Amino acid sequence: MTNPTLQVAAEASEASVAELSASTFDSTKARRQSVVILRRFLRHRLAMVSLFVFLALFIFAFVGGALWKYSYTFEDTTGGGRYLAPSWDHPFGTDALAADNMSQVLRGAQFSLLIALVVAFMSTGIGVVLGAIAGYFRGWVDSLISRFTDLVLVIPGVVLVGVLSRNSFGSSATSGGGGNWYIIALFLGLTTWTGVCRVIRGMTLSLREKEFVEAARALGGGVGRLVFRHILPNTLDVIIVNATIAVSQALLIEAALSFIGLGVHPPN
């Protein structure tokens, strides 16, 4: 025979466990992927140090340029301030026109950062969209986008942007004047997307066959939802890495173009 006392205790224990499970379920909220990524980023020391350095560069370029006592257009017409050594008054010294090098660096850093960010957003956006389309649809769509990507890849980026900028700016480019920063950023963004396109295409080809994509497709999910809600979020780490590489790549190409007179107008 069953002991009534033990039976009552068992029923009470089961009831308490059920209540605890229900309360735990009610208090636990599903975390969105963006929240999880943000928390991991904030806990990553090297990422936070890098973010601090990146923000310091922005503050140095934009806020420092507005607060610095010398303007980037300042020139000492007396000729006595040429080629001065670094000092508290001129931390980076002066140039042949007696202009303060510190103000010139601040002005150049502003446009370099603007170009780098515009190129990163443009090249990453174009590459991600084309790569996802090619990898998802495959067939003739994949072949068309892949051949166009190969065509852009075989042409050196510096040469292509240099030719485009020279034709766009005419005599000002050939005389060393360079061009407007947004035109340079546009040309760089339209020619540096090939790497991320090929990477995203390969990842999309793999992810489109996964079970969670098949389940979403079976439930009636459209192409846009499958690509932008299920496939691309799982490539976010690769997209971020390629975007950071695009920033450095844009800075190097823009500096090379400016060095040969096909970049941004001086003193920018």
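Modeller: Helices α4, α5, α9 (194–207) and α12 each supply at least two residues of the lining of the second largest pocket. Helices here are DSSP runs of H or I, at least four residues, numbered from the N terminus. The model is predicted, so local features need pLDDT of at least 70 and side-chain atom pairs count only at pLDDT 80 or more, while totals for chains, interfaces and linings use all residues. Residues are numbered from 1 along each chain as its sequence is written, and side-chain values use heavy atoms, with hydrogens and water left out.

Colleague: What makes a set of points a pocket, and what makes a residue part of its lining?

Modeller: On a 1 Å grid over the protein atoms alone, a pocket is an open set with protein on both sides within 12 Å along at least five of seven lines, and lining residues have an atom within 4 Å of a point. The second largest pocket holds about 240 Å³ of space, a volume being the space filled by probe spheres set on the points, which are joined across faces, edges and corners. Its lining has 17 residues, with Thr191, Thr192, Thr194, Gly195 and Gln249 closest to the centre. α12 gives the most, five residues.

Colleague: How many residues line the largest pocket, and which lie nearest its centre?

Modeller: There are 23, and Phe41, Ile240, Val241, Ala243 and Thr244 lie nearest the centre. The space in the largest pocket is about 840 Å³. α12 again gives the most to the lining, with nine residues.

Colleague: Why is serine 146 called buried?

Modeller: Buried means under 20% relative accessible area, exposed over 50% and partly exposed in between (1.4 Å probe, protein chains only). Serine 146 has 14% relative accessibility, so it counts as buried. Serine 146 is in helix α5 (residues 139–153), and its side chain reaches the backbone oxygen of aspartate 142 at 2.7 Å.

Colleague: Which class does arginine 138 fall into, buried, partly exposed or exposed?

Modeller: Arginine 138 is at 38% relative accessibility and therefore counts as partly exposed. Arginine 138 lies in the loop between α4 and α5 and has a positive phi of about 55° although it is not a glycine.

Key. A polar contact is a pair of N or O atoms within 3.5 Å; within protein, one must be able to donate a hydrogen and the other to accept it, and residues adjacent in sequence count only if both atoms are side-chain atoms. On a 1 Å grid over the protein atoms alone, a cavity is a set of points where a 1.4 Å probe fits but cannot get out, and a pocket is an open set with protein on both sides within 12 Å along at least five of seven lines; lining residues have an atom within 4 Å of a point.
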